[in-house]
Amino acid sequence: MLTLDNVYKASHKLKEVIRQTDLIYAPKIRSDCKVYLKTENLQVTGSFKVRGAYYKISQLSDAEKAKGVIACSAGNHAQGVALAAAKNGIKAIICLPDAAPISKVEATRSYGAEICLVEGVYDDAHNKAEQLRDEMGYTFIHPFDDDDVIAGQGTIALELLEQLDNIDAVVVPIGGGGLISGVAFTLKSLKPEIKVYGVQAAGAPSMLESITDGRIECLDHVSTVADGIQVKEPGVNTFEYVRKYVDKIVTVTDDEIAAAILTLIEQQKLIAEGAGATPVAAVMFDKIPDIKGKNVICLVSGGNIDVTILSRVIKRGLLTSGRTANFCIELIDKPGQLKGVSDTIADKGGNIISVHHERASEGSDINGCYLRLVLETRNFDHINEIRKALEDKGFKLVDK
């Protein structure tokens with residue numbers, strides 16, 4: 001059973017292995033409230049997951065430790081379990097989805113764990129881990145639906161209460177629900193006036209749909225850049241804790257997540273993975289109610305983003321935040337047209353970073369052509385300013 005005593009006990013035990021991550025004031029995230037970032041992306045193993053995993057393993061009996069442990073994970077829980085097992089000198093086998101980022105797979109392997117890649121998503125890895133548990137007698141370390149794991153995650157709330165007075169709201173990512181269960185339970189038990197908001201990816205809203213329907217739902221399909229919270233079905237325990245202690249759940253799109261990742265890189269010099277950036281995305285895009293003038297903490301849960309997709313995420317983030325723009329201009333194919341376009345854009349402070357010129361297709365003016373441009377811009381107002389200047393000069397912008 002989850003109790004405050006267990007959370008405090010976990011906090012004491014975790015001093016052996018974790019660091020108390022900084023709470024950073026981030027005024028540029030949003031101007032009408034005071035935003036703070038709890039930087040669990042800078043935690044040992046790059047994620048909060050080590051808290052719950054280490055505390056759970058520390059509570060096992062000698063007989064359980066002798067048999068070894070098994071876990072399933074999209075990556076971060078895997079590293080937490082692997083590190084905890086290594087610290088305790090016991091065997092660990094980790095089942096991961098075969099689509100898990102290579103960086104997370106190799107990081108898990110580096111802690112000495114045995115890796116078992118499973119075709120599918122997190123839930124498929126979960127089923128395989130339970131199968132091996134039953135066959136081999138390993139102790140299963142659940143990534144979220146376990147009270148000791150939840151108590152370990154709840155230690156974050158104790159740190160927040162030490163680090164900031166007058167907390168009004170805490171915004172937390174939700175996958176299976178272990179993190180928000182521990183944080184919400186602890187905060188509401190000690191300071192019930194603090195609002196706790198959960199954020200899910202729009203492509204994997206399993207907890208939101210379950211809470212809305214009043215029963216646990218299993219989604220047929222999940223897809224999101226936030227692989228750390230790409231969970232089809234919430235836990236039995238976490239569902240009850242979220243229903244009891246969380247004030248509201250919202251969703252953010254992959255485009256909004258990408259914009260938040262980019263903002264954290266540029267403004268805070270922090271690398272966040274998709275799941276870790278969801279609270280920032282929710283605050284940036286006004287998904288959280290009644291926070292104007294309030295002290296709001298975004299829990300940046302992890303930083304283990306696959307560097308091979310980081311460039312794609314940044315590109316998407318630039319588009320979403322108005323930092324780049326795609327224009328297609330229909331021109332008459334005659335001398336001086338390209339110069340006129342480039343001069344107009346330059347006069348407005350835009351920077352052309354890509355140019356593609358093509359002859360008009362069937363149905364267009366026989367003397368026509370299309371000019372496709374990618375521009376570097378400041379924001380959406382700047383894009384509209386450039387668009388208007390081109391149209392005022394007589395250039396025809398088209399959607400193609």
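Leaving aside its neighbours within four places in sequence, which residues is Val-69 in contact with?

Guide: Before we zoom in, remember that this is a predicted model, where local features need pLDDT of at least 70 and side-chain atom pairs count only at pLDDT 80 or more, while totals for chains, interfaces and linings use all residues. Residues are numbered from 1 along each chain as its sequence is written, and side-chain values use heavy atoms, with hydrogens and water left out.

Now for your residue. Skipping neighbours within four places in sequence, Val-69 is in contact (heavy atoms within 4.5 Å) with Ile-57, Leu-60, Val-81, Ala-85, Ile-90, Lys-91, Ala-92, Ile-93, Tyr-138, Thr-139 and Ile-141. Val-69 is also, along with Val-170 and Val-183, one of the residues that touch the most other members of the largest nonpolar core, which has 61 residues. A nonpolar core here is a set of buried Ala, Val, Leu, Ile, Met, Phe, Trp, Tyr and Cys residues joined through side-chain atoms within 4.5 Å. Buried means under 20% relative accessible area, exposed means over 50%, and partly exposed is in between, using a 1.4 Å probe and protein chains only. Apart from that core lies another one, of 35 residues, including Ala-226, Ile-229, Ala-275 and Val-300. In soluble globular proteins, nonpolar side chains tend to be buried together.

Let's step back for a moment. Of the protein's 400 residues, 56% count as buried. The secondary structure comes to 15 helices and 14 strands; these are DSSP runs numbered from the N terminus, with helices being H or I of at least four residues and strands being E of at least two. Among contacts with a separation of 6 or more, 72% join residues 24 or more positions apart.

Next, a sheet. Six strands make an open sheet with mixed pairing, in the order E1-E2-E10-E7-E8-E9; two strands pair if DSSP finds at least two bridges between them. E1 and strand E9 (248-252) stand at the edges with a single partner strand each, so one side of each has no neighbour in the sheet. From one strand to the next, the twist averages 25°, with axes fitted as lines to C-alpha atoms (for helices, over the stretch in contact) and angles running from 0 to 180 degrees between N-to-C directions. Inside this sheet, strand E7 (residues 169-173) and strand E8 (residues 195-201) run parallel and are joined by five bridges. Helix H9 (residues 206-213) lies across E8 and E9, at about 140° to E9. Helix H12 (residues 274-284) packs on the sheet too, touching E2, E7, E8, E9 and strand E10 (295-300), and its direction makes about 155° with that of E10.

Helix H10 also packs around here. Its buried residues are Thr-238, Phe-239, Tyr-241, Val-242 and Tyr-245. Seen down the axis of H10, they fall within an arc of 170°, so they line one face of the helix; the arc is that of the directions from the helix axis to the C-beta atoms. On the face turned away from that buried side, H10 carries the exposed residues Val-236 and Lys-244. The buried residues of H10 pack against helix H7 (147-163), H8, E8, H9 and E9.

What about the rings? There are two aromatic pairs, where rings of Phe, Tyr and Trp (its six-membered ring) pair if their centres lie within 6.5 Å, and planes under 30 degrees apart count as stacked, over 60 as edge-to-face and the rest as tilted. Tyr-25 and Tyr-36 form a tilted pair, at 5.2 Å centre to centre and 40° between the planes. Tyr-25 sits in strand E1 (residues 23-25) and Tyr-36 in strand E2 (residues 34-39), so this pair ties together parts 11 residues apart in sequence. Tyr-25 counts as partly exposed at 41% relative accessibility, while Tyr-36 counts as buried at 14%. Phe-185 and Tyr-245 make an edge-to-face pair, with 5.5 Å between centres and 85° between planes. That pair links distant parts of the chain, 60 residues apart: Phe-185 is in helix H8 (residues 178-190) and Tyr-245 in helix H10 (residues 236-245).
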